Amino acid sequence: MSQQTNDFTKWYIDTIQKAELFDYTPVRGCIAFKPDGYEIWEHIQGEMDKRFKETGHRNAYFPMLIPESFFQKEKDHIEGFSPELPWVTEAAGEQLEERLALRPTSETMIGHLYSNWIKSYRDLPVLINQWANVFRWEKKTLPFIRTSEFLWQEGHTAHVDEEDARKETMQMLNIYKEVVEGLLAIPVYDGQKTPSERFAGAVDTYSIEAMMKDGKAVQAGTSHYLGTKFAEAFDIKYLNKENKHTFVHTTSWGTSTRLIGSVIMVHGDEQGLVLPPRIAPTQVVLIPVGPWKKNPAIIEKLDEIFAALKAEGIRVRLDDSDQSPGYKFNEWELKGVPVRIELGPRDLDQNQGLMKARDMDEKISVPLESMIEKVKNELETMQTRLFEKAKAFREENSHTHIDTLEQLEQHIAESKTNDKIPGWVLAGWCGDDDCEASVKEKTKFTTRNIPFNPPAEKQTCIHCGSEAKHTVWFARAY
């Protein structure tokens, strides 16, 4: 696939359509998740949810409709979300007394309810997560990556003080990093957002950022320390041990179904999806080859392998359809199934099967008696291999030698001429919003985050040349 933007976008849409992950609907920017697409989300959801509960969080659910007056209570919040809000103005044939927004996020509704629920220090901390849909009416959409309605989880917690709340903020960011790297095999940079990029109403926002194969960045997860801003707006107070009323400190954090798009953009190839084994709806497909219908022993052996793999908790399919083997190979490669096992009369005679990993070119012969262990090992090996490959790609396309805006513009021009991706650039920033905005205006590169552990420390601002206060990743982003 070409890494240039137009070709890459076409490849991406073709791939997810042919792999039957989604379908368009009559409502602009709203997609339907087909079973394979939704199951990928279920695997992500399962791993996240397990970790949330291990750290003391519980799930709840809050209304999708939020009164307009709630947004007015926190001015930064309404300014940040106002352009994206869809409104309900009429119900049952009558105009509503107050407009209701379809939630873009739930800080306001939850803040209102927390003010009723929290009375004493004994009620804290409140550690709640919600799995839900949200709406942000996007002008430019791309399935899974940016849609008007999407699925996500949003955590909302309340704490006795700043120290406890900030500890929560970082704990959740670390969970996101562990899941995205460990489950999705996507390497990320964790760090702090610049003020212009932080969440509307937050004191500080932290993110994990991932590089796609076209060199663009995806914000894969965010965690926000909200201070007492929402507590003051919604009067969330508690009686402390000194018998004084004080405002709680709150956090919020979220990841969404854009992680599905990220997996495809990071690992996919010319043949279609390449899914990390831990999230693949089907991890292993069994395919009979040759004149197998005349030889019942082939299906009998594949049924035996099927049962053994299933007993190991492996998600396996047996494709005994009437399609040709070549058609089946292409179809399951397109769907990104990690491991394929082929068995024909000659293989059976030799007491072996052929195994192929989705990300490797060659097939290997495996004795039938060791097939189950070999498959288990290959699933783990492939998971690691995909992560290392994605990490090597990121390193290859992360540039630390660019120190001025002129050098950045030259780098972008050379990349276009040579049909290469510009990737990400590590550069210094003085902290001035105007410098950041000017870089964006002239190059379309935005600040992704101020990494906690940058590969180098920059001394001068990429725009004005003055002393750098921060070392920042710059990139074009989805």
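Author: Strands β18 and β19 form a hairpin with 6 residues between them, where a strand is a DSSP run of E with at least two residues, a helix is a run of H or I with at least four, and both are numbered from the N terminus. The model is a predicted one, in which local features need pLDDT of at least 70 and side-chain atom pairs count only at pLDDT 80 or more, while totals for chains, interfaces and linings use all residues. Residues are numbered from 1 along each chain as its sequence is written, and side-chain values use heavy atoms, with hydrogens and water left out.

Strand β18 itself covers residues 352-357, and because 5 of its 6 residues are buried, it is largely enclosed by the rest of the structure; buried means under 20% relative accessible area, exposed means over 50%, and partly exposed lies in between, with a 1.4 Å probe and protein chains only. In a regular strand, side chains alternate between the two faces of the sheet.

Now to the whole chain. The chain has 14 helices and 23 strands. Its radius of gyration is 25 Å, close to the 23 Å that the globule rule gives for 478 residues, so the chain is as compact as a globular protein of that length; this radius is taken over C-alpha atoms, and the rule is 2.2 Å times the number of residues to the power 0.38. Along its principal axes, the C-alpha trace spans about 80 × 55 × 50 Å. Buried residues make up 54% of the 478 residues in the chain. Of the contacts with a separation of 6 or more, 71% are between residues 24 or more positions apart, a contact being heavy atoms within 4.5 Å.

A residue elsewhere in the chain gives an example of such burial. Ile462 sits in the loop between β22 (446-451) and β23 (470-475), and it counts as buried because its relative accessibility is 2%. Leu405 is 57 residues from Ile462 in sequence, yet their C-alpha atoms are 5.5 Å apart in space.

Technical notes:
Pairing = 2+ DSSP bridges.
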